[in-house]
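Subject: Structure handover

Hello,

Here is the structure you are taking over. My notes on what was found in it follow below.

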Amino acid sequence: MYSQVIAGTYFTSKDDQTVQVGENMLICIDEQGKIVRIIAHSEPEFQQVRQAAAEQHHLLELAGNERLLPGFVDVHIHAPQWAQAGLALDRSLNDWLNTYTFPLESRFADDQFALKVYASLVQTLLANGTTTALMFGTIYNSSNLILAQQAAKFGLRALIGKVAMDDPTQTPEYYRDESATAALQATQEFIEAMFNLQQQTQTTLLPVITPRFIPSCTNELLHGLGELAKRYDLPIQSHCSESDWEDQYVQDRFGKRDADVLDQFGLLTEQAVMAHGTQLTDEDLSLFRQRQTAVAHCPISNVYFGNAVFPTRKALQAGNQVGLGSDISGGFSPSLYRNMQQAVMSSQMLTDGVNSELATGQRGVPDSRISMKTAFYLATKGGAQALNLPVGAIEVGKQADFQVVKLAPALTTESTDDELERLLYQTESKDISWVMVGGKRVYQNQKGHK
Ligand SMILES: [Zn+2]
């Protein structure tokens, strides 16, 4: 009847304030890897379904100290930069790009190097509970397809973009598309190759239109990418108002805000995800809402390069779509647990402010704090909404993308809310027992528990 049944207790976000706890439930999954039914312990069929699944060896029973969570959705990753995660974070954005990042990305002309880095990245993401990833590749299609093949091989849901960057004033000669025409041609070839690969592998692989950011692209390229996104009805990823320098650069070049320029080129759509947004104004956020464009909030990266804290609470309250991104390697960690923790910490610092020479009450932006429940929403449902994918929640109709996490024994009596909060703060990859994507087990922790 069901191809698999998971028995155990789960946590899933209802909205950005509320988490639903399913205690001692049966989660029933069909052949296509979709959740088709959730049965509570009190329902009459509970025992019967459980017993039938056990007899057919389709029952996956969680241990008493294990909890089921939705797999995380990471909405901002630069896949090639995994090779330098944790390096050079003391540099300015401009210096970091030119001295470290562009030279590294140019090495992905070498397929063997790409294979080594991408196989490591994909397995690391899964081992950290991430089951869906929105990723920038490089300008080289050969290595971009290697990334897609590795995602398909190990079972990660992957949305991947060929990075487009052709402006000779802002990109080095050794690492740029030859021209706008060449970049558009290569993007189109990548889209077709991804559709073929998706057919062959029967996995969730989606091509994404990817202007690196406005400073790297000529008007002709931006215009052409907007057209391609429309013609193929594809997701878009880029950066918007990501630092003081970048925000000002766009205003100097166009006499307009970054958000308005992206919109003018057809790049702010309901399928678009724009990273960082630390300098977005209320008007920009309003335009994002009108277009249903999502923000990829990358709290660790923003500490280094954002020059400000993204006002997550304000954006969510206004109705903006927000997901969570690790921003490898502007962020050093592949774990969305680390990013959830930083999202909460940064929001507290935004509330209080940090300069003790200013009077209390004048230092920060009141009411900016978010809870861990909100951070959990960003990492799951918020990301799924940003990508328009049926993932990120343990609900009927969603894909069976899960992580099973071991909870350390409680030292005091705690409510389920306390339990979830402790779990989200304390979990590391070693505590993740196994991970499932679309009903398939894609990661099994071999190391056991501490
Ligand atoms: Zn980025």
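The zinc ion has three protein donors, His76 (NE2), His78 (NE2) and His239 (NE2), at 2.0 to 2.1 Å from it. Donors here are N, O and S atoms within 2.8 Å of the metal (3.2 Å for Na, K and Ca), and water is not among the atoms, so sites may look incomplete. Along the chain the donors are spaced H-x1-H-x160-H. His78 in strand S6 (residues 72–78) and His239 in strand S10 (residues 236–240) are 161 residues apart, so this pair links distant parts of the chain. Helices (H or I, at least four residues) and strands (E, at least two) are DSSP runs, numbered from the N terminus. His78 and His239 are both buried, where buried means under 20% relative accessible area, exposed over 50%, and partly exposed in between (1.4 Å probe, protein chains only).

This is a predicted model: local features need pLDDT of at least 70, side-chain atom pairs count only at pLDDT 80 or more, and totals for chains, interfaces and linings use all residues. Residues are numbered from 1 along each chain as its sequence is written, and side-chain values use heavy atoms, with hydrogens and water left out.

Cores

The largest nonpolar core has 94 residues, and Met135, Met340, Phe376 and Leu424 have the most contacts inside it. Such a core is a set of buried Ala, Val, Leu, Ile, Met, Phe, Trp, Tyr and Cys residues joined through side-chain atoms within 4.5 Å. Helix H3 (residues 111–127) gives the largest share of this core, ten residues. The core lies between domain 1 (4–70 + 392–444) and domain 2 (77–387), because both give residues to it; the domain bounds come from an automatic or database domain assignment. A second, separate core of 17 residues includes Tyr10, Ile35, Trp434 and Met436.

Helices

Helix H5 (residues 180–201) has 22 residues and reaches 31 Å from its first C-alpha to its last, close to the expected 32 Å. The expected span is 1.5 Å times one less than the number of residues. Among the buried residues of H5 are Leu184, Phe190, Ile191 and Met194. Seen down the axis, the buried residues of H5 fall within an arc of 160°, so they line one face of the helix; the arc is that of the directions from the helix axis to the C-beta atoms. The face turned away from the buried side carries the exposed residues Thr181, Gln199 and Gln200. Cover for the buried residues of H5 includes helix H4 (141–154), strand S8 (157–164), strand S9 (205–211) and helix H6 (219–232).

In helix H1 (residues 46–55), the residues Phe46, Val49 and Ala53 are buried. Their arc around the axis is only 80°, which puts them on the same side of H1. Gln48 and Glu55 are exposed on the other side of H1.

Loops

Asp177 sits in the loop between S8 and H5 and is buried, at a relative accessible area of 7%. Its contacts (heavy atoms within 4.5 Å) include Ile139, Lys162 and Ala183, leaving aside neighbours within four places in sequence.

The peptide bond from Ile328 to Ser329 is cis, with omega near 0°. Asp233, in the loop between H6 and S10, is not a glycine but has a positive phi near 55°; Asp233 is exposed, at 56% relative accessibility. Asn388 is not a glycine either, and has a positive phi of about 55°. At 46% relative accessibility, Asn388 counts as partly exposed.

Regards
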